[in-house]
Amino acid sequence: MRARITGTGFYVPDKVVTNFDLEKMMDTSDEWIRERSGIVERRFVDSEIGSSGLGAEAAKIAMAKANCQPEDIDFIIFATLSPDYVFPGSGVFMQEKLGIKDIGALDVRNQCTGFIYGLSIADQYIKSGMYKRILVVGGEVHSTGLDMSTRGRDVAVLFGDGAGAAIVEPGDSDDYGILSTHLHADGRFAKELCCEDPGSLKTPRLTEEMIASGTVYPYMNGRQVFKHAVVKFCGAIQECLEANQVAAEQVKLVIPHQANLRITEAVAQRFGWKVHEQVFSNIHKYGNTTAASIPIAIDEAINEGKIQRGDYVVLVAFGSGFTWASALIRW
Ligand code: COA
């Protein structure tokens, strides 16, 4: 029996931060950000809610839509690169907030590809019969970890906070549900998009010098990331279509990780799809929310009536690691 997504939800903090707001904090401009990324505004937390708290809010909506209670969930998968604490992971904090006791909670650390990695794990557990109702969440709080000075502007303007959730259950037919997932990584590029400190390599893990030199903030080789992203996005889409003998013209909607509108446009052009109609984009509202971006986009697409039962939907992501992945779902 295939696994199906039976409910989705998303939650973003209320605080809207526009490109014009960023102009007041660093040497940047609305024009620069908009032209290169498509981002107009993003959400930042204004309290100590953490990725687990954002995830819990998204999860409540997903559970309501799937018509289930917290006690019906039998496994949690939480994807994030911004856990509330260094350890334990955000999954257990979210579990506690939702009042769910004793079930397993797994944290996934695959950055922008984290949600698809998580979905792939859920898919296998459901198909094997091990679990019956899995809560898969992607949640991020980037804003508390960005260098909001001119030094960090190349990264800081791109990211936002938010969470998305999905309930995965056995489906009622082999014709519908998650058809396949495809996961990849290439650690040779791990340092092209990373946050070096504080990590376990160094003693002590955190020093004044690390803070002063900025190694506690994310580093990104933007051009290298861009170049690889377009190639890997396209390859991963091709892979999931070929694996299921589905043609690009049969796809109703592609939900790419929201990294950058220019990446999304390049991918759409390669397959002859139209951005907004066939390739979903909401990056103008939320920026790049890493592991949260795909589940947020799925829920928005459903709310906008863009996904109906029987539609072929492609999920695809690329990010730090480098990692990349795709999934083909017949809704
Ligand atoms: N505001 C204004 N100027 C900025 C800036 C900002 N926020 N950030 C960087 N700049 C400056 C740089 O200092 C550089 O200046 P210089 O030419 O004087 O050295 C210049 O802008 C670079 O501009 P450009 O050559 O147009 O950059 P780019 O075309 O490489 O675009 C990115 C930069 C980051 C938008 C692009 O590389 C990108 O999208 N990469 C992928 C990012 C991504 O998707 N990451 C997440 C993956 S999951």
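Biologist: In which order do the four strands of the open sheet stand, and how should I read their pairing?

Modeller: In this predicted model, the four strands of the open sheet follow the order 8-13-12-11, with mixed pairing. In general, strands of a sheet pair through backbone hydrogen bonds, either parallel or antiparallel. Strands here are DSSP runs of E with at least two residues, helices are runs of H or I with at least four, both numbered from the N terminus, and two strands pair if DSSP finds at least two bridges between them. Strand 8 (177-185) and strand 11 (251-256) are at the edges with a single partner strand each, so one side of each has no neighbour in the sheet.

Biologist: How many bridges join strand 11 to strand 12?

Modeller: Five bridges join strand 11 to strand 12 (residues 312-319), and the two run parallel; L253 stands opposite V313 in strand 12.

Biologist: Which strands does helix 8 touch?

Modeller: Contact means heavy atoms within 4.5 Å, and helix 8 (residues 222-243), which packs on the sheet, touches strand 8, strand 11, strand 12 and strand 13 (323-330).

Biologist: Is S52 buried or exposed?

Modeller: Buried means under 20% relative accessible area, exposed over 50%, and partly exposed in between, with a 1.4 Å probe and protein chains only. S52, in helix 3 (residues 50-65), is buried, with a relative accessible area of 0%. Leaving aside neighbours within four places in sequence, S52 is in contact with residues including F78, D84 and K97.

Biologist: What should I keep in mind about numbering and confidence?

Modeller: Residues are numbered from 1 along each chain as its sequence is written, and side-chain values use heavy atoms, leaving out hydrogens and water. Local features need pLDDT of at least 70 and side-chain atom pairs count only at pLDDT 80 or more, while totals for chains, interfaces and linings use all residues.

Technical notes
Axes are lines fitted to C-alpha atoms, for helices over the stretch in contact, and angles run from 0 to 180 degrees between N-to-C directions.
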